[in-house]
Amino acid sequence: MPAETGDRRQHGDGTGDLDDATATPAAQSGVPVTERGQASPEGDQAAPPERHPYDPRAWALWQRPKRFIAFLFAMEAVGIAIMVVATMNSANPGRTDWVRFAILAVGATAHIQLTQRQEERRRDRSHTVLIDLTAVWTFPAAVILPLSLTLSIIAIVRIQHWFIARRPAHNFVFSSVTHGVSVTLASLTFAAFGPHEWGRISGWDTLGEFGVLIVTGMVFEAVQIAYIGGILALGSPKRPSISTVLGNTADNLLEAITIGLGAVTAVLLLIMPPMVIVMAVVTVVFNRLAEIDQLQNDARTDPKTGVLNMRGWSESADRALGRTARSDDNLALLMIDLDHFKWINDTYGHPAGDDVLRDVARKLDEVTRPADVIGRFGGEEFLVLLPDIDETAAKLAAERVRSAIAELHIVTTDKRGSRVTISGRTTSIGAALFPRHGESLEELLHASDAAVYVAKENGRNQVRFAQDVDRPPPSPPTDQG
């Protein structure tokens, strides 16, 4: 899911925000610019006056694509209108509401302050979306508090996150509006199924309330997908992938757990308020576990392409090979070497080469099976381990990979920053089969590597299988008697 909670789903975190790096087209071309942004008269070389970062005219927001700017302002306007109208029609808070508000506010503050350094580190390492755990406090507010107090919880959370996120103002405001409208619509959804008297329900009625919580959580999440997913997709300089916009499986699992913990917090707050302190401890511990999981994932993942690095791939491939050996199945290893990759770097620059690698990795993920293990071997080489596959199917899989890469049209930039499309790239693929070409991962790597060289020596853009390995027959048992 696309987000960050508590900065739930906050765009601009790790998405290549332009605020720090984008220059105006005029500045890039070297044309002098006056204060009003018009070309200076010939011979006037006066530099434009420096503007304070808080001057709206200095915001890099204006360098974004027009569709991005239009979407941002339109969704903010819609969100603010929804919040205002809903708040005007909401009930006034009573004394119990204020007590519950205070408990949630203290819990959220304790959580944010105790995990501040962890969140800063996670934000710095995040390349797509960032999921944190403040829905543990904002979701129950949407369920049990009047809307005015619910939005106050959002304000308390967001104000504190301003000092942690350190993101451009337009990113932060948009994310804050997203949080506000998500809790507003979640609150309206929950109220539509009311009234809710959890202290008096029992038996099958609890299943009905559980279903209402699930629907409310889905609305809570769907709003953030629409807002943050849309802005991430429109703000991406390249064609966005599903994982870039919606997050990976681990992101979405963490999101579901966070909303579930928020529902538990709501129940505790209504039935046994002092137990909410336990949730504060849980969120701090869980935040630490999320950081550890991210560190482990970073240690196994190639940062340039997002697939497994050699360490992560070897661990996964060894496990797959062990399962294959125990079950007496077949397995194939593909080594994929991009042809003339140095020419891309020399012609268009290394950033363009990085874009090619990323698109190739994405394509490999699309044309392989979920059980296949994809990794980057180094440089322009990739590895794909194909469990439970025979020679015929391995040949078809290798040809599918080769043709898919040849059909890629990669939009990138050249050395001067101009938009270019790289296409028609070929690849040489070496394949090795277990146990025919090797009984260990090392033997399979050597065999597939040798097959790559054969493919290159025979004209590139082809698939070659390794040569059969002559293995001596097992020695007969000796007579001990």
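Start by selecting Glu399, which is partly exposed, with a relative accessible area of 34%. The model on screen is a predicted one.

The side chains of Arg402 and Glu399 form a salt bridge, with N and O 2.9 Å apart. Both residues belong to helix α15 and sit three residues apart, about one turn of the helix. Arg402 has a relative accessible area of 19%; because the cut-off for buried is under 20%, Arg402 counts as buried.

Stay with helix α15, which covers residues 391-406, and select Glu391. Its side chain meets that of Arg436 in a salt bridge, 2.6 Å from N to O. Arg436 is in the loop between β6 (427-434) and α16, so this pair ties together parts that are 45 residues apart in sequence. Both ends are partly exposed: Glu391 has a relative accessible area of 27%, and Arg436 has 35%.

Now move to Lys456 and Asp337. These two residues form a salt bridge whose closest N and O atoms are 3.2 Å apart. Lys456 lies in helix α16 (residues 441-457) and Asp337 in strand β1 (residues 331-338), so the bridge links distant parts of the chain, 119 residues apart.

To finish, show every salt bridge in the model. How many does a search of the whole structure find? The search finds 14, among them the pair Lys456 and Asp337.

Conventions
Residues are numbered from 1 along each chain as its sequence is written. This is a predicted model: local features need pLDDT of at least 70, side-chain atom pairs count only at pLDDT 80 or more; totals for chains, interfaces and linings use all residues. Side-chain values use heavy atoms; hydrogens and water are left out. A salt bridge is a side-chain nitrogen of Lys or Arg within 4 Å of a carboxyl oxygen of Asp or Glu. Helices (H or I, at least four residues) and strands (E, at least two) are DSSP runs, numbered from the N terminus. Buried means under 20% relative accessible area, exposed over 50%, partly exposed in between (1.4 Å probe, protein chains only).
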